[in-house]
Amino acid sequence: MIQNIKIIFSFFCVCLFVMLFADNLVADNLSDKHVYGLFSENFNGATQEAGTVDDNIKLNIWANGDSLPIVSTTTTPASAKEGNIYYSCTVVGSTATDSYSGFCYTFITGSSTTVTRNISAFSMLEFYIRPKTGDVSAISVGITEGPISSPTDRTVTLSSLGVDNSSHAWQKCTVDLTSFSSADLTNIKNCFLVNTTKQTATFDLDSIVLKRSSIGEFNVAVKNISDNLETSSVTWSSSSFRNSWIAAEQYLELSLDILETDNWTVRIYTDNGDSSKDGLVDTTDGSNVLQMCWRVSQNTLPNANGDTLLITQSGAPNYALYDSGKSATDPSYYTWFYITDIATGDVTDYSLLWDSRGYHISVGGDFGGMSNPIYPKVYLGANCADAIGGLIYSANVRVVLSYE
Amino acid sequence: MKKVLSLLVVMACMVFFSSMAFASTDTVKTINASANFASSGEVYISFDLKNLADDSTATAITWDPTAVTLNSGTETWKTAQQYAVMVASVTKTSGAVYMYQDNKSNSADYVATNPRTNQDGTKAFSGLVRKGSGGGEREGTRGYVPLSYTMSASKLSSSYEYVVSSGTARYFSDKSDLKSDGSTSNLNTAYITIANINGFVAGVTGETGTYALSGVTDDTAYMYFGGGFRDIQGGDIYQTENILILTFQE
């Protein structure tokens, strides 16, 4: 009897582990997310040829008469609309009869089996385009409806979306999926489609997402560094006493599923009532403050890349904070930011945690795009060198998502 | 009139739409962060006596009798031949290091049984007690030689001449000192505290306030002792056997 219970318990534990481990790999973002990233470094969604059951897409390219389109990723953060990477696209048309070309994201399962999926919860297909050469006006974009054996494209032209071909800046395009009145959105083969017919042009694409009409959520979870389990608050252990910069025992995990506008920021502050109280404040009379700092990472820390969570402070004049072992002179390695109190306002970017450029990597002004699963981790540190025994220090840490 | 009205309407619309355009929506998440050091911290001191002359280790505080003028009629402060090197660490908010005497617990020859009266009326048992006197008022009985101490962030020269009026010197207190009405203990922590959370205590402002000794490095400071000699006669021997240095924390 006891042996049977042991076997059942073991089986239960294995199942639980598999469920937890597999959660991100097979996450059905399509049914969960309000903003579903197809090509996005800030929003969870599909992953290209990930071999997973649900959020799996494949980039397909074709041509007949026209040249095969070139659709390649370019990694130039300063030039991307979002994150680090964008698509550089080249289409070359011909004069041949019935010539055409195109490319699309196709839902697949396994390594390459085409499937149709239900995107009826989404009302908009949004993306950014940057015309470069030629004329993109007549290029059409949209989706492809199933069945797989006899698909139907549902598209609109870029000119109908208001794209100004003469402008070489990023321009936002919104395809109203509900305008495809007869389309069956429950049975979609290609979730993003670009069709060209004899057009010759070069252009860039970035930040391709599906959006629902309803608004999603912005959440902040507190998790233990030790076991990644969710908890309620951030703490420093008593062994931090009288030690200089020490990382807290927990991290904050952010979950962003809102994209009402493109002017959004996530900032972090203390909210302790005074600009001078930018840290942990003693709860006795508030006269003692332990400075705090923060850093954000796409993945959990510490890692094998030298992100040690062992915070080191350089000397004058910068007093920069970086992970032990990293460069003390290169600001791109200054991954820790001194926290500011909300009373100080946003006089510097030291409160800026995340925006459309990605997560704020360093004081040097670097931002990083992310890939699925996108749940940035925020780590906190405090300088406990001057901590006073007998006192309890506390801070209200505020993470604020703002959008206009 | 119509033009003015139209202009107002246009302006109102501009204000309305501009406020719409720049209206910011915030979603705020607040997390508590804390560090509980209620049980952390220490109170520690080492107190090593050394001879001023050669910095060798000493075991008692003494004064050179040849430096004292007999029957002087006026109080003259003399530096003891020894000083103390102190290393302290007080990292607890309620922590402190106290120093005071306990002359009532001296052996029979040097026990203080009678206090002297200070200028403010308080009764003091502190200082060096003349052998066999039992203490008492200074006039006539010559029962006490008052003691004082001062601290420095750096080591002073071996010829240092004690200055009691510098504002940084403090009289020794005795645990049996009494208030002016003779009722209760007159131990004032401001006068007996030699170190606390702010570091070494350099002196006293007013009756209770203390101020930190500046310039201290490596948690090390130096203490020098002064004796206030007056009307000393040949053959007199003064001594105290109990100077207590103790750490305190709640």
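Figure 1. Two residues are in contact here if their C-beta atoms, placed from the backbone, lie within 7 Å. Chain B has a mean pLDDT of 88, with 90% of its residues reaching 70 or more. For chain A the mean pLDDT is 92, and 93% of its residues reach 70 or more; over residues 11-25 of chain A, however, the pLDDT is below 50, and this stretch has 2 contacts in the model beyond near neighbours in sequence. For the complex, the predictor gives an ipTM of 0.87 and a pTM of 0.85. Because this is a predicted model, local features need a pLDDT of at least 70 and side-chain atom pairs count only at pLDDT 80 or more, whereas totals for chains, interfaces and linings use all residues. Residues are numbered from 1 along each chain as its sequence is written, and chains are lettered from A and ligands numbered from 1 in the order in which they are written.

**Figure 2. The two domains of chain A.** Chain A is divided into domain 1, covering 28-212, and domain 2, covering 218-403, with bounds that come from an automatic or database domain assignment. The C-alpha centres of these two domains of chain A lie 37 Å apart. To the contact between them, domain 1 of chain A gives 17 residues and domain 2 of chain A gives 16 residues. On the side of domain 1 of chain A that touches domain 2 of chain A, there are 5 nonpolar, 7 polar and 5 charged residues; in this grouping, Ala, Val, Leu, Ile, Met, Phe, Trp, Tyr, Cys and Pro count as nonpolar, Asp, Glu, Lys and Arg as charged, and the others, Gly among them, as polar.

**Figure 3. Where chain B touches chain A.** In this contact, 25 residues of chain B meet 37 residues of chain A. The element that gives the most to the chain B side is strand β1 (residues 25-37) of chain B, with 13 residues; helices (H or I, at least four residues) and strands (E, at least two) are DSSP runs, numbered from the N terminus. By class, the side of chain B that touches chain A has 9 nonpolar, 13 polar and 3 charged residues. Strand β16 (residues 234-236) of chain A pairs with β1(B) in the parallel sense over 3 bridges, where two strands are said to pair if DSSP finds at least two bridges between them. Within this pairing, Val234(A) has Ala33(B) of β1(B) as its bridge partner.

**Figure 4. A five-stranded sheet in chain B.** Chain B has 3 helices and 16 strands, and 5 of its strands form an open sheet with antiparallel pairing, in the order β13-β12-β11-β4-β16. The edge strands, β13 (209-212) and β16 (243-248) of chain B, each pair on one side only. From one strand to the next, the twist averages 30°, with axes taken as lines fitted to C-alpha atoms (for helices over the stretch in contact) and angles running from 0 to 180 degrees between N-to-C directions. Strand β12 (residues 199-205) of chain B pairs with β13(B) in the antiparallel sense over 4 bridges, and Val201(B) has Ala212(B) of β13(B) as its bridge partner.

**Figure 5. A three-stranded sheet in chain B.** This open sheet of 3 strands has antiparallel pairing and the order β8-β7-β15 in chain B. Its edge strands are β8 (144-145) and β15 (238-239) of chain B, each of which pairs on one side only. Strand β7 (residues 128-130) of chain B is joined to β15(B) by 2 bridges, and the two run antiparallel; Val129(B) stands opposite Gln239(B) of β15(B).

Figure 6. The peptide bond from Leu301(A) to Pro302(A) is cis, with omega near 0°, and Pro302(A) is found in the loop between β20 (289-297) and β21 (311-313) of chain A. The peptide bond from Asn372(A) to Pro373(A) is also cis, with omega near -5°, and Pro373(A) lies in the loop between β26 (367-368) and β27 (377-382) of chain A. Glu49(A), a residue other than glycine, has a positive phi near 45°, and its place is in the loop between β2 (47-48) and β3 (56-64) of chain A.

Definitions and conventions
pLDDT is the predictor's confidence in each residue, from 0 to 100.
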